[in-house]
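Good morning, and thank you for coming.

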Amino acid sequence: MTKNGNSLDQRTFNKLSRLYIIALSAIAFSVIISQVLVRNHLETQKSDSTVINVAGRQRMLSQKLTKEIVSLLVSSDEKNRILLKNKITATLHLWELSHNSLQKGNDSLGLPKQNSDNIKNKFIAINPVFDTIQKASKSIINKLENSNVSNDELTSEIKKVTNNEGAFLLIMDEIVNQYDLEAEEKVVWLRKLEVTLMGLTLLILLGELLFIFWPAAKSVKATLSDLLFAEKKAKKMAFDADELSLSKEKSIKELRALSHAMDETLLFARVSPSGSLIHIGNKFSRLFRLSKIKKEVFFWHVLSSNENEQLLIEDLINKHKKTGWQGEVKATIKGDIDIWLEMSLVPYRPTEDRSELLIIASEITERKAAQTEIERLTKANFEEKMSQQKIISSKIIENQEKEQNRIAKDVHDGIGQMLTGLKYNLESINMNDIEKTTSKIEHLKELTTNIIKGVRTATFNLTPPELSDHGIVPAITKLTQELGRLTGKEIMFYNKTGFNDRLDSLVEINIYRITQEAINNAIKYADSSHILVSLSHSKNILSIVIDDDGQGFEPSKVKKVKNGDGGMGMTFMKERIKYIEGRLFLNSELGKGTRVTLNIPI
C-alpha cells in the first residue's frame, strides 16, 4: 500500500474512533441522566404508601373512638368504665398524632412535611370536625376521672362525637382518595420519563450502528476474506513441501548408486547413529593414512587425536544425527598437522528399519587461511555493516509497530457479533409492552457496558496515544493505572527524579514495550499482588526498575526455554534493549519476587 493510502486509512481510523467515543459518551450520559431522574422521582414516592396507610387508618380510628365512647352508655360497671376510658385515651392519642403528622409531617412515622394544595384544602375542611370530636372526647375522659359520673352527664358529649363522625369519615375518604390519585399521577409521570429516556437511548444506539459499527463490520468482512486467501495459499505451500519431501527421499536412495564414485572422488564415510564407523572412502583413508579397519572404531577418533576436537565432533554427530548438519570442522592428521574440513552430515535410511549418517567432506585448509586473511582485511568495513544493520533493524521495528496498529484496528472492529446481538434485541422491542420494554432496556444497558469494557480491554495493550502525544512518562503512568484497574492488582509508578523529557520515538516505543512486557510477565507468571515501576535519571542514563512480590524463578532456566511465552518474551526484551543500545538486568529468586532493570543512554 502507498504512503498516501496508509495516511488515508489512519485518518479514517481516527475519525471512526472519535465518532465511537462520542457515541459511547452519549450512551453513558443518557444512562446517568436516566438514573438520576428515576432515583429522584422514586425518592419522592417512597412515602406515598405510608401516607395512604396512615390516612386510611384515620377512618378506622375515628370509628373505633366513636364505638368506644358509645359503649360507655351501656356500661355501668365502674371497672369496665375505667378500661373503656383507657382505651379511649389511647385511641384518641393515636388519632391526634396521625392527624397532625399527616399535615405537618413526622419522621418517625415516615410522613413527609409537604402536601399538595388539594390535600391542604381538604384538611382545612376537616379540621373543625376533628376539633369538635377531639374536644368532646377529651371532655368525656375528664368526666370519667370522677368515679360517680352518670350517663346523662355524658350524653351531650357523646352526641357531638356521633353527630360529627359521618362528616369526618366523608372528608377523610376524599383525602385518602386524593393521596391515592396523586401517587398514581407520579407513577404515570415516571412511565413517561422512562419511555422518553428509552427512545433517546435507542436513537443513540441506532446512530452508532449506522455510522460506526456497520462500517466496522464491513472492514472485518474484508479482513476475513484476506485471511481465507492466506489460508488457501498456506495449503498450497504445504502441498509443495510434501512434494519436495518425496523428492528428497528419492534423492537419498539414489545416493547408494553414487557411493562407489564418491569413495574415489570425495572425502566420504558412513557411520551409525551412535558414531561408529561403517564405511570410509579411499580418499578419506589416504588423507588420514588409515590401514584397513577391522575392529569397531568411532568416527571422531579417526578425524583427530586431540581430546577437545574429538568431543566437539562427537557432540555434532549426536546432536544432528536426525536433522543433518553442514559446517566447518577442525581435524588432525598424523604428524599433528591441523587441517580444516567442510563437512556435511546427511541422515538417511538404507532400509526401513535401519538408519545411517552419510558424511561428505572436503579439505578447506588453504581456503580457511585465505578466509582469515580476508577477515583481517574486511575488519575496517565492520562498523559500516553494523550501521546498515541498525537501519534494517529500525525498519523492521517500524513495520512491527505499523502491523500492531493494524491489528489494533481489527481487534477494535471485532465486536461485530456482540453488536449483531444488540441489533436483534433492539428489533425485538415492543413499544406497547412497557414492562417488557423496560426489562429489555436494562439488558441493553448491561450489554452496552460489556461492549465498552471488551473494546477497552482488547485495544489497551496496543499502541497507546499517550506515547506519541506526551512521551514515555505519561504512557507508563497510564499503562500502570489501566493494568491495575483491569487486573485488580496493586501496580504503582514512581517518578523519582521528575523526568519528563521527550526521547527519540523509536527509543520511547522500545522502552514502553519492554516495560509493558515486564509488567505483563509479573501479572501472568509471577502470581504477584504488588508491582512497583520506578523511574530515575542522571545526565546520561535513564533507569527504569520493575519490582514484583511474586513467586520468582531461576533466570538461568529461562535461557533454555525454546518455546513458550516466558522464553520468547525475554528474547524480545533483550532484542529491543540491544537495538536502543541499552542494558537489561534480570534478578530473581524463588519465593522472593523478581526485579527487571533497564538502563538506557539519553
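**An aromatic cluster**

One aromatic cluster is formed by Trp95, Phe130 and Phe168. The model is predicted: local features need pLDDT of at least 70, side-chain atom pairs count only at pLDDT 80 or more, and totals for chains, interfaces and linings use all residues. Residues are numbered from 1 along each chain as its sequence is written, and side-chain values use heavy atoms, with hydrogens and water left out.

A search of the whole structure finds three aromatic pairs. Rings of Phe, Tyr and Trp (its six-membered ring) pair if their centres lie within 6.5 Å; planes under 30 degrees apart count as stacked, over 60 as edge-to-face and the rest as tilted. The pair of Trp95 and Phe130 is tilted, because the ring centres are 4.5 Å apart and the planes stand at 45°. Trp95 belongs to helix H3 (residues 78-104) and Phe130 to helix H4 (residues 117-144), 35 residues apart. Helices (H or I, at least four residues) are DSSP runs, numbered from the N terminus.

Is Trp95 buried or exposed? Trp95 has 0% relative accessibility and therefore counts as buried, where buried means under 20% relative accessible area and exposed over 50%, with partly exposed in between (1.4 Å probe, protein chains only). Phe130 is also buried, at 3%.

Trp95 and Phe168 have ring centres 5.0 Å apart and planes at 65°, so this pair is edge-to-face. Phe168 lies in helix H5 (residues 151-257), so its pair with Trp95 in H3 ties together parts 73 residues apart in sequence.

Conventions. Helices (H or I, at least four residues) and strands (E, at least two) are DSSP runs, numbered from the N terminus.
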